[in-house]
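User: I'd like to go through this model and ask what stands behind each label. Could you take me through it?

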Amino acid sequence: MKMCWRVASILLAFSTVASGEDVPAWTSRVDAIVDTIATDGPGATVAVSQGGRIVYAQARGLASMELGVPMEAASVLRIGSLTKTITAATILRLHAQGRIDLDARLSTWLPEFPHAKDITIRELLTHTSGVSDGWDVPLTDVLDTPGLVRHIGSVPLDFAPGTDWRYSNSGYMLLGAILEKITGKPWYQAENDLVLAPLGLTHTGFHDDAAIVPRMAPGYSVDEAGKVVRPVAYSISGPGAAGGMTSTASDIAMLLHGLATGHVPGKQAFQAMATPARIGDVDLPYGMGMVPGTLRGTAIVEHSGGIEGYSAHYVYLPGEDIAVAVLENSDAPTWLARSLAHRIAATVMGRPYRSFTATPWSASSLGAVVGTYAIEGGGCHSVAIKDGAAWIRRDDGPQRRLYTAADDVLLYAGDGIDYLRPQRDRSGAVTALAFHADGADAGRVEQRVAECRKSRTH
């Protein structure tokens, strides 16, 4: 199977949960969002921090489907690629200590790696190295760091270093190998000593396949019929510094506060993490271990994490020192972790997303939407009807189910943020779709076309 893992501190005094008169005014509105998580399926744990204090911590659903054990706010879950934020922060801590130059070549530490003289540490951090995820090993193989390096080096680069951008789990695995070379410790011990322990994050770390972890919630998936099942077997040794850690929602929220406020590795380092990387004069969709962006017009950084059996997402608002973390013990949850985190963050900041009322459509109204719609810049959305429901696909991506709502609105399943509104002529024929990204009032108009043109590539 191809490598595809869904890849005593100053803060301790502030990490208590708000109670009594300190309960934020938005609590009931966030509770309403969290309450949409089913109580009889895989669950989620949610934390919100503000000003260095956990002001909201809740959980819904089940930590164990087999035993019927409820999820708790303190439950421990795998965080997938949220690990990359910790790995990047650790590299930048070494940089702040003068122990690594971000523009040094990979060959300084891994001279045997192919093209090591052409790849910089900065390019690994920003996914511009060209290091490929295309190597192929069984997911159950137990891999040590030298083995990972050999497998990663066994396939060609995706592109010449510094010339393009492509998300690379393998690049972050190599950063883990560099941490081991510099510190003489396993990558996860280096990350604990340099970042996690100084921030008082005692519930975040790496646990091998045999470890028994207190409060650890097992992960789940769904089969083709939508039934909850156990995920495919895999070894957590493979994802390594790209996606191997476990944590709690509260630890993740406090991690972001600690990084942003300069405790470790420093405010300058956080700014580097939160700033889009560039190729020439083109901003890229990534910084260093973080994704810069906006939410309801406010600057944020965020990151998703996905690994077999688990999903995760965080949102951090630097201007308000607000962090929202959502961890789920399913890789196919009813509500996407990103959606929950965005909706909760928008509510906390006082700009909640619009809510919609589910409403059946007539077969003719729904059937009129079937077709292909051109996206500005290249590519298309295609809508089809399957089992009486509308499904949408962008280019050759996966199909996603759409639900019908009042006011001629189509909603993405498990999302609640992005929505579509057909534009119809007087006869009811659909001439275009208005795509409302991030719940924006003004939608991007996608005209109906007979044939899709290919997306442009960077």
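Analyst: Just after helix 5, G184 takes a positive phi of about 75 degrees. Helices here are DSSP runs of H or I with at least four residues, strands are E runs with at least two, and both are numbered from the N terminus. This is a predicted model, where local features need pLDDT of at least 70, side-chain atom pairs count only at pLDDT 80 or more, and totals for chains, interfaces and linings use all residues. Residues are numbered from 1 along each chain as its sequence is written, and side-chain values use heavy atoms, with hydrogens and water left out.

User: What makes helix 5 "mostly covered"?

Analyst: 12 of its 15 residues are buried, where buried means under 20% relative accessible area, exposed over 50%, and partly exposed in between (1.4 Å probe, protein chains only). Among the buried ones are Y172, M173 and I182. The buried residues of helix 5 pack against helices including helix 2 (83–96) and helix 6 (187–196), with contact meaning heavy atoms within 4.5 Å.

User: Why is the E72 and R215 pair called a salt bridge?

Analyst: The rule asks for a side-chain nitrogen of Lys or Arg within 4 Å of a carboxyl oxygen of Asp or Glu. E72 and R215 meet at 2.4 Å, N to O, and so the pair passes the 4 Å rule. It links distant parts of the chain, 143 residues apart. By this rule the count comes to 10 salt bridges.

User: Why is R215 called exposed, and why is E72 called partly exposed?

Analyst: R215 has a relative accessible area of 52%, so it counts as exposed. E72 has 41%, so it counts as partly exposed.

User: And what makes E446 buried?

Analyst: E446 is at 0% relative accessibility, so it counts as buried. Its salt-bridge partner R444 (2.5 Å, N to O) is at 28% and therefore counts as partly exposed.

User: What makes strand 2 (53–60) an edge strand?

Analyst: The open sheet of 6 strands has the order 2-1-15-14-13-12, with antiparallel pairing. Strand 2 and strand 12 (291–295) each pair on one side only, and pairing takes at least two DSSP bridges between two strands. Further in, strand 1 (residues 44–50) and strand 15 (residues 322–328) are joined by 7 bridges.
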